[in-house]
Amino acid sequence: MGSIGRCLPTTCRKACTFLESRTKHTSCRARQQGLQSNCKMFYTSNPNKTPRVAVLYQALEPPVIDGIKKPKKPGGYRDSGADIAYNLRNSGDVEVVCPKSTPDPINDSDWCFPDTEEGILEAIGQGATHLWANTILFASHLLQISKALDTYQDQVHVIGQGPLVVEKYDDKEYVNDLLRRLGGFSMPKAWTAHAGQDIISEVPDLSFPVVAKPIRGRGSQGVRVCHSLDELVLHAQELFRDSSSIMLEEFLSGEEITITVMPPTKSGYNSDYWALPVVTRFNHQQGIAPYNGVVAVTSNSRAILESQHNELYDKVIEECKKVARALGTTAPIRIDARRYKDSRSSKFALFDVNMKPNMTGPGRPGRDDQASLTLIVANALGWDYQELLKQILTTSHFLRALRRLEP
């Protein structure tokens, strides 16, 4: 390995070594040089100041937005927050501040701070230079509006999206309609149903089977394939308990995949959005990939390496990168797609843009099977969980910059 590689932290060197083994391909040589550049830039830009990371979990109740409320995750992502903090602390290159001075690997709450004003200020008071926003953001979130944080806008980095951006783009109907207006994206047919209205009167051209799902959902919770009007009406009644309107989508019956898109990096090497390889999903339950809180994704997902990609995979990857550009995302996003038909010749349609991909991972006791979809494909690139987290850490922005972002 060259002199630059030898100067990098241990986990960066491991990834560089893996990529060196593939340098017979021009794209892989470029990726190796970029990885080295990313790590070197991030860890040597201020050699006297190691990043001090505090992870935030969701303590705030999500607001009702346009009559729709995104359900709060039980535990508020403390499990993945603890995974992130534990692994970064054990990477050897990053300092992590925690609510407890000697956090217990088994206790999620020992590792991450609530996303309340008090919790955020406590993290900063302990010397955090980077806040990992492992929570749901919205326009009235304290990261956006807290006057007490104004002093730190140009001192504290945030790993995540801009709160104003997330509030708009967490609305799956809005995003899908936006992509249809922009053009150049393959999308399923879609309709909107409203509480108190007759579905057939609202959507006279509806055909079955159809997918009914929340507009501000979380994973595949609340998503169901309905094969008849009676089945749809019953499921819609359940969804209307939390929302004044829901989404109906054409059922895509073919292979399901997911693609993680990374934002441009500060080093300038990745000056544009770039995608990790494809993850394919299988073992669906009643036509839907089960929620990862019920079935671990390691049991129903695997990476498809770039060498196995074909023209249709390449096309959907390009579309996913176009989505990230259109939305101007500042952290990884994950986009789900599915073939229209159960045929290898059928093209993919994009059906879900996830602004906050799940980021669970192994390391703590009892977490060996908790790799996220993004980690599954990162492993295929030769990155372990710690390396993936450190790569994401390089995408941070000052709080002021994220506050200024608008959809």
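On a 1 Å grid over the protein atoms alone, a cavity is a set of points where a 1.4 Å probe fits but cannot get out, and its lining residues have an atom within 4 Å of a point. The model examined here is predicted, so local features need pLDDT of at least 70 and side-chain atom pairs count only at pLDDT 80 or more, whereas totals for chains, interfaces and linings use all residues. Residues are numbered from 1 along each chain as its sequence is written, and side-chain values use heavy atoms, with hydrogens and water left out.

**Cavities**

The structure has five cavities of 30 Å³ or more. A volume is the space filled by probe spheres set on the points, which are joined across faces, edges and corners. The second largest cavity holds about 60 Å³. Its lining consists of Pro62, Pro63, Ile65, Lys70, Ile136, Leu137, Phe138, Val166, Glu167, Asp170 and Arg216. Ala, Val, Leu, Ile, Met, Phe, Trp, Tyr, Cys and Pro count as nonpolar, Asp, Glu, Lys and Arg as charged, and the others, Gly among them, as polar.

The table sets out two groups of residues by class.

| Contact of α4 with α13 | four residues | three residues | two residues |

**Helix packing**

Helices (H or I, at least four residues) and strands (E, at least two) are DSSP runs, numbered from the N terminus. Helix α4 (residues 78-89) packs against helix α13 (residues 385-393) at an angle of about 95°, and their axes are 9 Å apart. Axes are lines fitted to C-alpha atoms, for helices over the stretch in contact, and angles run from 0 to 180 degrees between N-to-C directions. Helix α4 is therefore roughly perpendicular to α13, a term for angles of 65 to 115 degrees. Contact (heavy atoms within 4.5 Å) involves Ser80, Asp83, Ile84, Asn87 and Leu88 of α4 and Tyr385, Gln386, Leu389 and Lys390 of α13.

**Backbone features**

A cis peptide bond, with omega about 0°, joins Phe208 and Pro209. Pro209 lies in the loop between α9 (199-202) and β9 (210-214).

Definitions and conventions:
Parallel < 35°, antiparallel > 145°, perpendicular 65-115°, else oblique. 1 Å grid on protein atoms, 1.4 Å probe; cavity = no way out; pocket = protein on both sides within 12 Å on 5 of 7 lines; lining within 4 Å.
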